[in-house]
Amino acid sequence: MTSHASQTAPPAPAGTPSTGYRLRWAGLAVILAAEVMDLLDTTIVGVAAPAVRQDLGGSDAQIQWITASYTLAFAVLLITGGRLGDLLGRKRLFVLGAAGFTLASVLCAAAPGAGTLIAARTVQGLFAALLIPQGLGLIKAMFPPKELGAAFGLFGPVLGLSSVLGPTLGGYLTGADWFGLGWRAVFLINLPVGLLAVFAAGRILPADRATDDRSAGGRSAGDRATATGAGTGAGAGRIDPVGVLVLGLAVLLLVYPLVQGRELGWPLWTFLSMAASVPTAWLFTVQQRGVLRRGGTPLIEPSLFGKRAFVSALATGLVFFAALSGLMLVFTLHLQLGLGWTPLHAGLSMIPLSIGVVVGAVLSGALLAPRYGRRVLHLGMVLAAAGALGLWATVDGAAGLGSWQLAPALALAGLGLGLIMAPFFDIALAGVEESETGSASGVLNAQQQLGGSMGVALLGTAFFGWARTDGFGHAAGLTYGLVAALLAAAFVIAFLLPRQARPDGEGH
């Protein structure tokens, strides 16, 4: 999909790529299943960490790295994974990533010690970096412009619900101790989902190349053309190994101190490392321009950063996901450390947020975003900020706090978050060419990880700092105020986005 049909263009004949891939809705379900598997794995493990430590032992740093090793491996290779999808085929990388992720989940569940679990989590993150970037590219390739908004409208509530329900499921599985598995069940939950994703992807997702008459002969012309588009991009070539190393180093210099800084008390080297990531990133851009001048295939398409919608979405998303991750972290820490609630009680208390996310995403994707575009993002940010401020007013100085007292502010925040999630990726990928989609998807997912890491590090540090002097309730309230401030910043940055995901009349 390299362009959108104009309003005055004659209707496309049946069977062209503009009609979309024949099995596109089933393909979307497969992609969402894989995304759910990743998001559950990202959010579910934190709740199980105390049980892991009790069973396997290990230092504080080792227990932290059970989560951090996954995040770090995921962030470092995300952009490379997206580019590999462009070069080697998105379906091929999707199946490989899902199979590897599922196998690594079994290794995590069978880990005899903390060190083995950390190694298995690292492998999980590496395969997730191959799997996740293919989803956005496949969606954009399978769906015609007029249906992209609806496709991303389903993307939002499913992913939002998964990220919020992860802690609830983690608390339940750990406490239920099915068959004596305890915390190991939080990894084994990936086994049926992963196997189903691998099997269904092989049968449903469009082929990477439609050159084999046996595989393409039974499909319509539209399916064959769309299947070709879902594979390698026009600029396909060999992966750039130097670019992979330099980019990986730039991300590592930034993410590693963000992950470790709070645990170590923010020593000087953490700040020097983060500062060094800036010139390393600049070196990467210089190296990529050189690759392009020599006629090679850059790891990130330089043309992406000339697209207003994409660059503006990166900036908006970085701040937004920092606020979202900070909100989730502080809420669960306050309930468990400050109020002494169990993981399951804390997870169940997030149900109003989950309901709000689903309602907001459905309203946004089906009704509001196609008509009002960017204004829906702005409305969502206002409501989410109001929900964060409502949480501040509820928890600061409150005694005997209960779940029902938190519900109204949580539901309001969830409604705002849902309004944002549904149209965000549609706007971010507007105008991205087919050959750039894998690269763009990798960058967007990496931005999401970096924003989340920054939010956890910065807001987590503020929360613990205030908690030492003012108590958990007051600390949580002040941190919710910082969340609202970040959402206000995202509100301002979002004015740089186009008013619609596409010009009026194109799509929807």
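## A nonpolar patch on the surface

In this predicted model, helix α15 gives the largest share, five residues, to a nonpolar patch, helices here being DSSP runs of H or I with at least four residues, numbered from the N terminus. The patch lies on the surface and is formed by Leu165, Tyr172, Trp178, Phe179, Leu344, Leu348, Ile351, Ile355, Val359, Leu363 and Leu367, which together have about 1000 Å² of accessible area. Such a patch joins nonpolar side chains (Val, Leu, Ile, Met, Phe, Trp, Tyr) within 5 Å, taken from residues with over 30% relative accessible area and no salt bridge, and the areas come from the Shrake-Rupley method with a 1.4 Å probe. The elements that give two or more residues to the patch are α6, α14 (343–348) and α15 (351–372).

Leucine 363, which is placed in helix α15, is partly exposed at a relative accessible area of 35%, where buried means under 20%, exposed over 50% and partly exposed in between.

## The salt bridge

The structure holds one salt bridge, defined as a side-chain nitrogen of Lys or Arg within 4 Å of a carboxyl oxygen of Asp or Glu. The partners are glutamate 147 and arginine 24, whose closest N and O atoms are 2.6 Å apart. Glutamate 147 belongs to helix α6 (residues 145–176) and arginine 24 to helix α1 (residues 24–56), so the pair ties together parts that are 123 residues apart in sequence. Glutamate 147 is buried, with a relative accessible area of 17%, and arginine 24 also counts as buried, at 15%.

After α12 comes glycine 295, whose phi is positive, near 85 degrees.

The second largest pocket has a volume of about 700 Å³. Of the 24 residues that line this pocket, the closest to its centre are Leu247, Ala281, Phe284, Ile300 and Phe305. Helix α12 provides the largest share of the lining, eight residues.

Residues are numbered from 1 along each chain as its sequence is written, and side-chain values use heavy atoms, with hydrogens and water left out. Because this is a predicted model, local features need pLDDT of at least 70 and side-chain atom pairs count only at pLDDT 80 or more, while totals for chains, interfaces and linings use all residues.

Terms used:
Buried means under 20% relative accessible area, exposed over 50%, partly exposed in between (1.4 Å probe, protein chains only). Patches are made of residues with over 30% relative accessible area and no salt bridge: like charges are joined within 9 Å, nonpolar side chains (Val, Leu, Ile, Met, Phe, Trp, Tyr) within 5 Å. On a 1 Å grid over the protein atoms alone, a cavity is a set of points where a 1.4 Å probe fits but cannot get out, and a pocket is an open set with protein on both sides within 12 Å along at least five of seven lines; lining residues have an atom within 4 Å of a point. Grid points are joined across faces, edges and corners, and a volume is the space filled by probe spheres set on the points.
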